[in-house]
Amino acid sequence: KTAPVEIRERLAFDNVALGEALQSFVNWKGVSGAMILSTCNRVEIVAEGPDDTLVREFLCSYHRVSAETVNNYLYTFRNNDVIRHVFRVASSLDSMIVGEPQILGQIKDAFRIAMEAGTIGVQIGPMMTRAFVVAKKVRRETAIAESAVSVSYAAVELARKIFGDLSGKSVMIIGASNM
């Protein structure tokens, strides 16, 4: 919500190296557990133990960027706000397109990678397990996924509203990153 694409790209973690990044992070100044979610639209670190300055230090050190470059784009949640945020993200209430299903799979992948790296702490594990249950319940018991569920789908629906029938039409898509 706060960072332009070029900053998000600089702070993104490669899934191939994510396990090593996590292990490096949990060896960082008193971090007892961590999970990193890195998608095309967000980079989020869930950590046990440190205050937000240590998370920021690690993020900047790992990506070799100055704090001045990224500080205006970072925000922190603590205590119950972390749980509320994680549940909202897992349920796709905090997505660009509310109800999109990809985020839950991305979170599950991030959780699996952290589990394999041995970095899930005593608080993150139960929180994520509950977040998965809540996300499924939200999808099952609400109409959240009944409308456009991706940016691409929303764009097509908007084009139909503007132009009507799209058969025989050509489209050029310009974007950053993968879609």
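Which residue lies over the face of phenylalanine 132? Lysine 108 does, at 5.8 Å from the ring centre; a charge counts as over a ring if NZ of Lys or CZ of Arg is within 6 Å of the ring centre and within 35 degrees of the ring normal.

The model is predicted, so local features need pLDDT of at least 70 and side-chain atom pairs count only at pLDDT 80 or more, while totals for chains, interfaces and linings use all residues. Residues are numbered from 1 along each chain as its sequence is written, and side-chain values use heavy atoms, with hydrogens and water left out.

Rings of Phe, Tyr and Trp (its six-membered ring) pair if their centres lie within 6.5 Å; planes under 30 degrees apart count as stacked, over 60 as edge-to-face and the rest as tilted. The count by this rule is five aromatic pairs. Two of the pairs are tabulated here.

| Pair | Centre to centre | Angle between planes | Class |
|---|---|---|---|
| Phenylalanine 58 and tyrosine 62 | 5.6 Å | 35° | tilted |
| Phenylalanine 111 and phenylalanine 132 | 5.6 Å | 80° | edge-to-face |

Phenylalanine 58 and tyrosine 62 are four residues apart in helix α3 (residues 52-63), about one turn of the helix; helices are DSSP runs (H or I, at least four residues), numbered from the N terminus. Phenylalanine 58 is buried at 1% relative accessibility, whereas tyrosine 62 is partly exposed at 30%. Buried means under 20% relative accessible area, exposed over 50%, and partly exposed in between (1.4 Å probe, protein chains only).

Phenylalanine 111 and phenylalanine 132 are both buried.

Methods: Helix = DSSP H or I, 4+ residues; strand = E, 2+ residues; numbered from the N terminus.
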